[in-house]
Amino acid sequence: EIFNLKFLLIFITFGILFRNFGKKFIDMLNFEFKNPTKIIFGKGEIAKISREIPKTEKILVLYGGGSIKTNGVYDQVQAALEGYNWEEFGGIPANPEYEVLLEALKIIKEKNITYMLAVGGGSVIDGVKFLSAAANYEGEPWDILKNGIRTEEGKGLPFASVLTLPATGSEMNSGAVVSRREIGQKLGMGGPGLFPQFSILDPEVIRSIPKKQIANGITDAYTHVLEQYMTVKTSATLQDRFAESILQTLQEIAPKMMEEEFDYDSAANFMWSCTMALNGLIQKGVISDWAIHGIGHELTAQFGIDHARTLAIIAPSHYRYNFEAKKEKLAQYAERVWNVTEGSTEEKALKGIEKMEAFFQSLGIKTKLSEYTENYQGTAEKIQEAFIARNWLAIGEKGIVKPEDAKKIVEMAY
C-alpha cells in the first residue's frame with residue numbers, strides 16, 4: 001500500500017526508535033507492499049487503451065495546456081477511443097489548481113462519468129486522483145486535502161493514465177498534491193484506492209518535451225530517490241542498491257537527455273527511472289525523509305517556482321544543516337554513486353553534497369532562492385509560521401526538522 005508517497009510527513013514510531021537506539025545500522029523495517037497499477041511500456045502502446053477500458057464506460061479524458069494536440073498524443077488517444085462514449089476536459093495547470101479541478105468535477109457529475117483517462121504529466125494525473133476521490137465524496141471536496149482523508153480500495157472513480165512528462169512517478173503510485181492559490185496552500189492526499197488501473201509509458205512522447213521540463217523531471221525523480229535513501233545507515237542492502245542504481249542511471253542519461261537530438265534508449269531509461277523512483281518499491285523497509293518536499297511545496301505556494309527547482313534549492317541546505325544526522329549515508333552516497341574514495345567520512349559526505357548540487361546545476365537548475373526572486377527576505381519566517389499553523393511540528397526522518405529548523409534551512413538556501 002502506498003499513501004502520500006510524494007508527500008512529506010513520514011513519522012517513525014517510538015518502538016522502532018527504541019529498538020534501534022545506539023545501533024550503527026537501522027534494521028530493515030517491517031512492511032507491506034502492493035502496487036496494482038499495470039504498466040504498458042514502449043513505442044506505439046497508446047493504441048492499447050481500447051484493450052484495457054470496457055466499451056461500456058463513459059470516459060472523461062483530462063489533459064493540461066493542450067500540447068498533446070500538437071505532438072500527436074491526442075490523435076493516438078482519439079484513435080484508441082473510437083467507438084467509445086467520451087468527453088474531454090483540458091487546462092489542468094502545472095501544480096493542479098483546486099478551482100480548475102472543481103470545474104472538471106461538475107462535468108463528472110453532470111455527464112455521469114464512470115471512468116477517467118489522464119493524458120499528461122504528474123500534475124494532470126494528480127488532478128485526476130483528486131477527482132477520483134472527490135467524485136464519490138459527499139462533503140466539501142477541500143476537506144479531502146485539508147483533513148488528509150484517505151480513499152480506500154474500491155471507493156474512488158476508476159482511472160488510468162497516458163504519461164507524457166516523466167518526473168513525478170504519479171503514474172504508478174497513489175499519492176497526489178493539489179494547490180489552492182487563493183489561500184496559498186499546497187496539500188497532499190492519497191490512499192490505496194487512488195492507484196491508476198493502468199498507465200501507458202511511451203518514451204516517444206519525450207521528443208517534444210522542452211529541455212527545461214526534461215531538467216525538471218530528472219531533478220524531481222533524483223530528489224524522490226534521495227528522500228527515501230539519504231537518511232541513516234540501514235541493513236536493507238537491496239533497497240540501498242535499488243536507490244543508488246536509479247541515481248546512477250539518471251546521472252548517466254542526463255547529458256544525452258539535454259542534447260537536442262532525441263535518443264530513444266536514454267528517453268526510455270529516463271521514463272522508467274522516474275516511475276521506479278516513486279512507485280513505493282525503494283521506500284519499503286527503510287526510513288524516509290520528505291522534509292525537502294515539505295519545505296519545497298511552500299516555496300511553490302509562495303512564489304510559483306517549479307516544484308523540481310524548489311527541491312534543488314532546499315536539498316543542499318537540508319543536508320548541510322542536518323549533516324551530523326546524515327553524514328554516514330552522505331558518505332555512502334559519495335562513495336557508491338560518485339566514486340569518491342578518498343578522505344574521512346565527513347570529507348566524503350561534504351563532497352557528496354557538492355557533487356549533488358553540481359549535478360543539479362549541470363542541468364541548468366539554480367540552487368539558491370535568491371536566483372529565482374528578489375523578494376526572498378522573510379520567506380523563512382513565513383514557512384516556519386505555516387508549519388506551526390498546520391501542526392507540522394516534527395517532519396523528516398525521526399521528526400528531526402522542527403519549524404525553527406525549517407526556517408534555518410530556508411535561510412541557508414537564500
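Me: What percentage of the 414 residues in the protein chain do buried residues make up?

Reply: Buried residues account for 57% of the 414 residues. Buried means under 20% relative accessible area, exposed means over 50%, and partly exposed lies in between, with a 1.4 Å probe and protein chains only. This is a predicted model, in which local features need pLDDT of at least 70 and side-chain atom pairs count only at pLDDT 80 or more, while totals for chains, interfaces and linings use all residues. Residues are numbered from 1 along each chain as its sequence is written, and side-chain values use heavy atoms, with hydrogens and water left out.

Me: How do you know whether the radius of gyration of the protein chain agrees with that of a compact globule?

Reply: The radius of gyration is taken over C-alpha atoms, and the globule rule is 2.2 Å times the number of residues to the power 0.38. For 414 residues the rule gives a value near 22 Å, and the protein chain has 21 Å, so the two agree. Along the principal axes, the C-alpha atoms fill a box of roughly 65 × 45 × 45 Å.

Me: What share of the contacts with a separation of 6 or more is made by residues 24 or more positions apart?

Reply: Such residues account for 80% of those contacts in the protein chain. Contact here means heavy atoms within 4.5 Å.

Me: How many helices and strands does the secondary structure of the protein chain comprise?

Reply: There are 15 helices and eight strands. Helices (H or I, at least four residues) and strands (E, at least two) are DSSP runs, numbered from the N terminus.

Me: Why are helix 14 and helix 15 called roughly antiparallel?

Reply: The axes of helix 14 (residues 379-389) and helix 15 (residues 403-412) cross at roughly 155 degrees and come within 8 Å. Axes are lines fitted to C-alpha atoms, for helices over the stretch in contact, and angles run from 0 to 180 degrees between N-to-C directions. Angles under 35 degrees count as roughly parallel, over 145 as roughly antiparallel, 65 to 115 as roughly perpendicular and the rest as oblique. Helix 14 and helix 15 are therefore roughly antiparallel. The contact involves T379, A380, E381, I383, Q384, F387 and I388 of helix 14, together with P403, E404, A406, K407, V410 and E411 of helix 15. These residues divide into seven nonpolar, two polar and four charged. In this classification Ala, Val, Leu, Ile, Met, Phe, Trp, Tyr, Cys and Pro count as nonpolar, Asp, Glu, Lys and Arg as charged, and the others, Gly among them, as polar.

Me: What makes helix 10 oblique to helix 11?

Reply: The axes of helix 10 (residues 291-303) and helix 11 (residues 307-321) come within 8 Å and cross at roughly 130 degrees. That angle makes helix 10 oblique to helix 11. By class, their contact has nine nonpolar, seven polar and no charged residues.

Me: Is the crossing of helix 7 and helix 8 left-handed or right-handed?

Reply: Helix 7 passes helix 8 in a left-handed crossing. A crossing is left-handed if the near helix is turned anticlockwise from the far one by less than a right angle, and right-handed if clockwise. The axes of helix 7 (residues 211-229) and helix 8 (residues 237-258) come within 10 Å and cross at roughly 165 degrees. These two helices are therefore roughly antiparallel to each other. By contrast in handedness, the crossing of helix 10 and helix 11 is right-handed.

Me: How do you know whether S123 is buried, partly exposed or exposed?

Reply: The relative accessible area of S123 is 22%, so this residue is partly exposed. S123 is placed in helix 5 (residues 122-135). Residues up to four places away in sequence aside, S123 touches I92, P93, A94, N95 and P96.

Me: Why does G285 count as buried?

Reply: G285 counts as buried because its relative accessibility is 5%. G285 is in the loop between helix 9 (264-276) and helix 10. Its contacts, not counting residues up to four places away in sequence, include D27, M28, L29, F31 and A236.
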